[in-house]
Amino acid sequence: MSINFYKVSFEQFKKDLIDSACFTYLSDEKIKEIYDNIKLPKRATKSSAGYDFYAPFDLTFVNQLSFKFPTGIRCEMNDNVVLFLVPRSSLGFKYRLTLDNTLGIIDAKM
C-alpha cells in the first residue's frame with residue numbers, strides 16, 4: 001500500500017480558503033503564513049490505525065455550527081487504496097464533533 005501526502009499549491013490553498021467564505025478577511029500575507037505552516041499528515045506511532053491530519057490554523061468550534069475549511073493537503077495513492085477522513089473518537093465524545101457528510105471518503109483517481 002502506498003499513500004503520499006503533499007501540500008497543494010499556494011494558489012490553490014488561497015482559492016479554497018477564500019471560497020470557504022469564513023476567511024475572506026485574511027490578507028495575502030496571513031494566508032501565506034498559514035500556508036507555510038501546514039503540517040503534512042503523519043502516523044503518531046508505527047502501529048497507529050491511521051494518519052493524523054492537522055488543521056492549518058486554530059479553530060474554535062461553536063455548538064451546532066457548520067463550516068468548511070481547507071486542509072491544504074493533497075494525496076497520491078495506489079488504485080486499490082481508499083482514504084477515510086474521520087474525527088478522532090475523543091473529539092466526537094468530548095465535543096460532539098462530526099463531519100457534515102458523516103464520513104469523508106477519498107478514492108484513487110483513475
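Helices (H or I, at least four residues) and strands (E, at least two) are DSSP runs, numbered from the N terminus. The model is predicted, so that local features need pLDDT of at least 70 and side-chain atom pairs count only at pLDDT 80 or more, while totals for chains, interfaces and linings use all residues. Residues are numbered from 1 along each chain as its sequence is written, and side-chain values use heavy atoms, without hydrogens and water.

**Exercise 1.** State which element gives the most to the lining of the largest pocket.

*Solution.* A pocket is an open set of points on a 1 Å grid over the protein atoms alone, where a 1.4 Å probe fits, with protein on both sides within 12 Å along at least five of seven lines; lining residues have an atom within 4 Å of a point.
- Step 1. The volume, the space filled by probe spheres set on the points joined across faces, edges and corners, is about 1,800 Å³ for the largest pocket.
- Step 2. Of its 45 lining residues, Phe69, Leu85, Val86, Pro87 and Leu99 are the closest to the centre.
- Step 3. Two or more lining residues come from each of S1 (3-7), S2 (73-77), S3 (82-85), H3 (89-95) and S4 (104-107).
- Step 4. S3 gives the most, with 4 residues.

**Exercise 2.** Determine how H1 and H2 are placed relative to each other.

*Solution.*
- Step 1. H1 (residues 10-19) and H2 (residues 28-36) pack at about 115 degrees, with axes 10 Å apart; axes are lines fitted to C-alpha atoms over the stretch in contact, and angles run from 0 to 180 degrees between N-to-C directions.
- Step 2. H1 and H2 are therefore roughly perpendicular, a class that covers 65 to 115 degrees.
- Step 3. Contact means heavy atoms within 4.5 Å; Phe10, Phe13, Lys14, Leu17 and Ile18 in H1 meet Asp28, Ile31, Lys32, Ile34 and Tyr35 in H2.

Notes. Angles under 35 degrees count as roughly parallel, over 145 as roughly antiparallel, 65 to 115 as roughly perpendicular and the rest as oblique.
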